[in-house]
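I opened this model today to look up its ligands, its domains and a few single residues. My notes follow the structure.

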Amino acid sequence: MRLLVTGGCGFIGSNFICYWLKKYHGDKVLNLDKLTYAGHLSSTIDFDENKNYSFVKGDICYPEIVAKCMKNVDIVVHFAAESHVDRSITDPTIFSRTNVLGTQVLLDAALRVKVKRFHHVSTDEVFGDLPLNSKHKFREDTLYNPHSPYAASKAASDHLVRAYHYTFGLPVTITNGANNYGPCQDPEKFMPRAITNLIENTPIKLYGKGDNIRNWLYVEDYCSAIDLVITKGKIGETYLVGGSSKELTNYDVARLIVGFFGLDKKYIKFVKDRSGHDRKYAIDSTKLKTLGWQPKYDFDKWLSKTIDWYKKNTWWWRPLKAKAENLYRKTGQI
Ligand code: NAD
Ligand code: TDX
């Protein structure tokens, strides 16, 4: 098989290419990535010499580049996006451009060459949020109700993907995943920001009261879910992907992280809340589990391994840290 992976220099995309090349030896993977502030060639060093891997620097919004990359492609796995909620609050325009227009350019090109599958990587944030004390979980039939410009742009892209299936018969699948964590996540996101702060002897910054609840999914569990949906999922269907963590507030996660560092709650500082901060995400993955998927990675164990990865790989995140903290200097969440 020949895969076109978009956004393969980002967090989940780079982990996915690594996963796929290890598992499917004969397959060829072309990675199309613009190398925005969130794309790092340093995230591809584990596979960039693999003879089945190639890289094109380019923007998914440019039809000519996309058309070239789409030649002879069997499967598209579409990760490329602007992915950070806080940035979508300070600068929403690029989110509409990349996440909506970029997805449409890819869909058009995929239709022209008649790909066997277009897999769209999306998020649970399209469903909005739940009250903190809610017992409900998001399911595939939950109504879309995105809150942030990021979530709204991802919701629009999901709708476009389904529209290309219904109107033109493009063979699509979609996964809406929970908060991922693991190696090579940019230090602007909560977990790597917290870990790298502590390595630099600076407190974790918690928004608001720290009582927001997230469901945490180890990145390799998201990769295996995408793999399963591509190989066994039903065309035209959506699958929700939740992680192995129990319901944890951001404060619970921060306490666990300071604990792994042998520190105490003095290393947790409360800062200004995010505007429109979603309270709670919770996912019911029953539909995906009927295909045979289970999250393999235990939260406490893989949180600890993730911390070890950031401790050992300071060369990877140190060059990115100042830019991430500059964002928070602007938003006042420092
Ligand atoms: P990321 O921000 O780490 O990486 C995004 C990648 O896309 C970068 O390599 C960037 O250079 C590339 N990119 C951005 N704009 C581009 C453009 N116009 N053309 C080509 N490449 C471009 O993102 P991530 O956290 O790896 O997320 C990947 C996908 O998974 C996104 O679609 C995101 O919405 C979705 N998702 C993320 C999470 C999460 O917790 N991180 C959870 C669920 C779903
Ligand atoms: O320093 C911080 N302090 C803090 O309390 C940061 C960066 C975040 N937070 C909070 C906000 C959220 O409640 O932690 C939680 C997680 O924040 P992010 O890492 O920014 O993730 P979130 O906003 O939940 O969105 C993520 O999950 C879904 C990804 O960034 C999205 O790309 C994905 O679609």
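**Ground rules**

I am working with a predicted model, where local features need pLDDT of at least 70, side-chain atom pairs count only at pLDDT 80 or more, and totals for chains, interfaces and linings use all residues. Residues are numbered from 1 along each chain as its sequence is written, chains are lettered from A and ligands numbered from 1 in the order in which they are written, and side-chain values use heavy atoms, with hydrogens and water left out.

**Domains**

I looked up the division of the chain first. The protein chain splits into domain 1 (2–180 + 217–241) and domain 2 (184–214 + 245–277 + 298–327). These bounds come from an automatic or database domain assignment. Over C-alpha atoms, the domain centres are 25 Å apart. Domain 1 puts 21 residues into the contact and domain 2 puts in 20 residues. Contact here means heavy atoms within 4.5 Å.

**Ligand 1**

Next I checked what surrounds ligand 1. I count a residue as near a ligand if one of its heavy atoms lies within 4 Å of it. The shell has 29 residues, with I12, D33, S83, Y150 and K154 the closest.

I then went through the polar contacts. A polar contact is a pair of N or O atoms within 3.5 Å; within protein, one must be able to donate a hydrogen and the other to accept it, and residues adjacent in sequence count only if both atoms are side-chain atoms. The side chain of S83 brings an N or O atom to 2.7 Å from an oxygen atom of ligand 1. A polar backbone atom of G10 is 2.9 Å from an oxygen atom of the ligand. For T36, a polar backbone atom is 3.0 Å from an oxygen atom of ligand 1. On its own, ligand 1 exposes 840 Å², and the protein buries 96% of that. I note the method: Shrake-Rupley with a 1.4 Å probe; for residues, only the protein chains shown count as cover.

Two or more shell residues come from each of α1 (11–23), β5 (117–123), α5 (149–168) and β7 (179–181). β5 gives the most, 3 residues. Helices (H or I, at least four residues) and strands (E, at least two) are DSSP runs, numbered from the N terminus.

**Ligand 2**

Where does ligand 2 lie relative to domain 1 and domain 2? Both domains give residues to its shell, so ligand 2 lies between them. I find 21 residues around it, and E125, Y150, K205, R274 and H277 come nearest.

Taken alone, ligand 2 exposes 650 Å², of which the protein buries 94%.

α6 (190–199) and β8 (204–207) each supply at least two shell residues. The largest share, 3 residues, is from β8.

**Q333**

Q333 sits in the segment after α11 (314–331). Is Q333 buried or exposed? Its relative accessibility is 3%, so Q333 counts as buried. The cut-offs are under 20% relative accessible area for buried, over 50% for exposed and partly exposed in between (1.4 Å probe, protein chains only). The Q333 side chain reaches the backbone oxygen of K272 at 3.3 Å. Beyond four places in sequence, its contacts include K205 and R274, and both of those are among the residues nearest to ligand 2.

**E82 and T98**

I took these two together. E82 lies in the loop between β4 (75–78) and α3 (85–90), and T98 is in helix α4 (residues 93–113). Both count as buried, E82 at 8% relative accessibility and T98 at 10%. E82 is in contact with T98, and also with T36 and Y150 among others. T98 also contacts I60, C61, A81 and T103.

**A225**

A225 is in helix α7 (residues 219–232). At 0% relative accessibility it counts as buried. Leaving out residues up to four places away, A225 touches V241, L288 and W293. P295 is 70 residues from A225 in sequence, yet their C-alpha atoms are 8.4 Å apart.
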